[in-house]
Structure formats: structure tokens, C-alpha cells
Amino acid sequence: MNGGGVVVVKGFEVVEGELGHGLPYFAFGEGRPLVFLRWFTPDHTNPSGWMRASEVKTLAPLARNFRVYAVNRAPGMAEGTSMADIARDHAAALRAEFGEPVDVLGISSGGSVALQLAADHPSAVRRLVIASSGCRLPEPARASQLKYATAAAEGKRALQHMATVGIESPVKARLVGAVAWLADPLMRPKNPADTLAFVRAEDAFDVTDRLTDITAPTLVIGGERDEFYPQSIFHQTAEGIPDSRLIIYPDTTHMGAIKHERFAPEVTEFLGSAT
């Protein structure tokens, strides 16, 4: 592990660094390690500024009981990289860093990585939490991500393709799309090749037939009104893993699930807070 400087964010001392295979991370909190695999991010870096503060705030309830390692995919991802390749690098990095199985929390796209990791490298994962994610990416989400990444790689405005997923009202979709189109230059990927390489890997991701290979006790959490994943995929994922439990939060969106008041207490109870 290569460690970086220490900064204080939201009252936590945050250490930034890099795990093996070039995986950027930051860590904060106290207790047994909990590896959080990040949701979809345009760039394979640690967030900074308000984005880092927002991430720390979201994970802060877990950091009261765990040493949270927020880990991203490695920059410079080669064209043609598969989810299995990504999982292999994560497994090697986690074994080198911790020397034993660790608890893993995968949210959204990070859940795709976490499921592939747990299926391919079961000895790397002690307990697994999958939130707002599932065994495969539904077609609307796949299409929107691919449109976004392709447009970004071509230097075009792209954010509107992601922002309108799941909006049923045509009027609202047009309004949200217009705002996203205007905001795009402020949030454009610095390395769109990384974005496109990961999106193509997740586009092909499907561990539906591999769920029985996951031996780690698993908790699957989803929102009833998730814009990207229907409840059927949450159920399919949980039902396919031999030792699993499913929680669906009523009237809750994709990112609302991880901000739900029950999320941190239920994850902590499932993982066990003892150090």
C-alpha cells in the first residue's frame, strides 16, 4: 500500500493512498476493515472537494464501527478489460493489503465488482453486502451508461443520458435532461477512455449462473423505487446466493437506499461491529 497525506473531512481523519494494482482509495474510521467498492464514477480516482465530503458523510455512520476503505477501479483501464479482470486485481490487492478475508460493501456499479469478486475469489471475502445492485445490469441502465460513455469518449455532452433513467414523465425527463446537458462540462470525465472501458465491462457483466459460487454470507439491499434495478433482480440475486438475506426499503430510490435511516444499522448488525 502506498499511503498519502491525512486530511480532516466531516470530523474524520481521512488517509488517501493506493492499493496494489493501482487501486486508489481513502480510509477513515476505526474498527475492523470494511472495503467499500465505489458506485459508478466517471474517473478512476479518489473524489475531492465536495464529492469527497459527500462520500464521507454518506459512509460516516459505518465508520463509527469500521475502518472504511473506499476503493475505486484503477486508472488506465485497458480496452477489452472484463469484470473478471477487474475482480482478479481487486482480489490480489485485498489479499496483499489485509492478508485475510475482509468484509466488502459494493454499491451500484461497485456491487457488480463485488459480486464478481465473491464468485471468482471467495477466499477474499468474509461477508458481503450488495446495495442498489444485482447479478446483472438491466437493459435500460446498460443502454444509458453506454450512451453516456460513448458520447463522453467522442467529446460530446453526455450527462443527460444518465440523468433521465427511470423518469416516467416525459416532461420531467426533458427538464432533467436539459439541466444535465447544461451541467455536463462541469462533470465531464478527465479520462473518458477509462469510463468507456469500465462501462463495456459492466455491460457484459452477468453472474446470474454463478451466484451459487458465492460462499460468503450476503446481505442484499434495494429500494422499492430504484431507477436502475427492478425489484425482481434484487430478489433473483438474493435467492441465488446460498447464504443470503434480502431487504427492500419501501418507497426508496437507487441512491436513497444507502441513505436510508435503516441502512447503516442493518449493515453494521449483519457484519458485526466487534473489532
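I take helices (H or I, at least four residues) and strands (E, at least two) as DSSP runs, numbered from the N terminus; on that basis I find 10 helices and nine strands in the protein.

Before going further I note that this is a predicted model, in which local features need pLDDT of at least 70 and side-chain atom pairs count only at pLDDT 80 or more, while totals for chains, interfaces and linings use all residues. Residues are numbered from 1 along each chain as its sequence is written, and side-chain values use heavy atoms, with hydrogens and water left out.

Overall dimensions. Along its principal axes the C-alpha trace spans about 50 × 40 × 35 Å.

With buried meaning under 20% relative accessible area (1.4 Å probe, protein chains only), buried residues make up 52% of the 275 residues.

Cores. I define a nonpolar core as a set of buried Ala, Val, Leu, Ile, Met, Phe, Trp, Tyr and Cys residues joined through side-chain atoms within 4.5 Å. The largest one has 60 residues, and those with the most contacts inside it are Val 35, Val 104, Leu 115 and Leu 128. Its largest share, seven residues, comes from helix α2 (residues 83-98). A second, separate core of 30 residues includes Leu 59, Ala 60, Ala 257 and Phe 270.

I then followed Leu 115, leaving aside its neighbours within four places in sequence: its contacts include Leu 128, Ile 130, Phe 205, Val 207 and Ile 241, and also Thr 237.

A single position. Is Ala 141 buried or exposed? I find that Ala 141, which lies in helix α4 (residues 139-153), is buried, with a relative accessible area of 0%. Its C-alpha atom is separated by 18 Å from that of Trp 181, 40 residues apart along the chain.

Methods: Buried < 20%, exposed > 50% of the residue type's maximum accessible area, 1.4 Å probe, protein only. Contact = heavy atoms within 4.5 Å.
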